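Trainee: I have a model open and want to learn how to read it. Where do we start?

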Amino acid sequence: MPAPCVLVAEDDAAIRELLVHHLESAGFDVVATGDGMAALRIARERASLAVLDLGLPAIDGLEIARTLRRERCNVPIVMLTARTDEVDRVVGFELGADDYVCKPFSVRELVARVKAILHRGGRTVETRPSVLRFGRLEIDEAAREARIDGVDVGLKPREFALLLTLAGNAGIALSRTVLLERVWGFDYEGDERTVDVHIRRVRAKIEERGRLGSVVATVHGFGYKFVRV
Ligand code: CA
């Protein structure tokens, strides 16, 4: 199982780097940004947990949390705040932050809280059932096979990983870049057409041969999303 992906959204580079260093040392896959819009995108697409600075330029941590919750994205959020008054704390919780840490904070404390939340909640990767069922389609993570009416459709490993990634985020559009990173890895040298080629093969096996109708929808100019069947 891959390490949980922790998003760090903090515009203070020194704090950001400190957090990245300690979270990586703790075994997490860390993505960091000082930009609120980028943070929102990463939180939607791939984060298992988001550490959000309250005071980010352009779109702040509260607005990011509010937007994510409005979109029914339940990624756990730890809010970093320099403001210690009660109002901000309460507002942060009302908006669905799972925890908060006031600056100045102990990095060890923050890492411990991140671990605790992922451990107890595990609302993303950890609790995903090993078999995803969508009507006649079953995607069996342990067996690495997709079945229609109980019959293996014969996906190749990358095709299976692609389908699993999409189905594990059903209803959420994933960009080609994100799919490349998740299925082929960050250091993969190929281009985004690779994703299209594999999507075609998955469709041929699931939709055409399995006569299931559309399972993977194209999101024009962006990528793909899994639609329930
Ligand atoms: Ca800040």
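Mentor: Start with a term: contact means heavy atoms within 4.5 Å. Keep in mind that this is a predicted model.

Trainee: What do the buried residues of helix 2 pack against?

Mentor: Their partners are strand 1 (5–9), strand 2 (29–33), helix 3 (61–70), strand 10 (174–175) and helix 7. Helix 2 spans residues 36–45 and is mostly covered, with seven of its 10 residues buried. Those are Gly36, Ala38, Ala39, Leu40, Ile42, Ala43 and Glu45.

Trainee: Which residue caps the N-terminal end of helix 2?

Mentor: Asp35 does. One of its side-chain oxygens lies 3.1 Å from the backbone nitrogen of Met37.

Trainee: And the cores? Which residues touch the most other members of the largest nonpolar core?

Mentor: Leu137, Ile139, Leu166, Ile206 and Phe226, in a core of 30 residues. Helix 6 gives the most, with seven residues. Another core, of 23 residues, lies apart from this one and includes Ala39, Ile42, Ala50 and Leu52.

Trainee: What does Ile206 contact beyond its neighbours within four places in sequence?

Mentor: Leu137, Ala146, Ile148, Val153, Leu163, Arg211, Leu212 and Val215.

Trainee: Now the metal. Which protein donors does the calcium ion have?

Mentor: Asp11 (OD), Asp53 (OD) and Gly55 (O), at 2.2 to 2.4 Å. Their sequence spacing is D-x41-D-x1-G. Asp11 sits in the loop between strand 1 and helix 1 (13–25), while Gly55 is in the loop between strand 3 (49–53) and helix 3, 44 residues apart.

Trainee: How much relative accessible area does Asp11 have?

Mentor: Asp11 has 36%, so it counts as partly exposed. Gly55, at 39%, is also partly exposed.

Notes
Residues numbered from 1 in each chain as written. Predicted model: local features only at pLDDT ≥ 70, side-chain atom pairs only at ≥ 80, totals over all residues. Heavy atoms only, no water. Core = buried A, V, L, I, M, F, W, Y, C linked by side-chain atoms within 4.5 Å. Buried < 20%, exposed > 50% of the residue type's maximum accessible area, 1.4 Å probe, protein only. Helix = DSSP H or I, 4+ residues; strand = E, 2+ residues; numbered from the N terminus. Polar contact = N/O pair within 3.5 Å; in protein donor to acceptor, adjacent residues only side chain to side chain. Donors = N, O, S within 2.8 Å, 3.2 Å for Na, K, Ca; no water.
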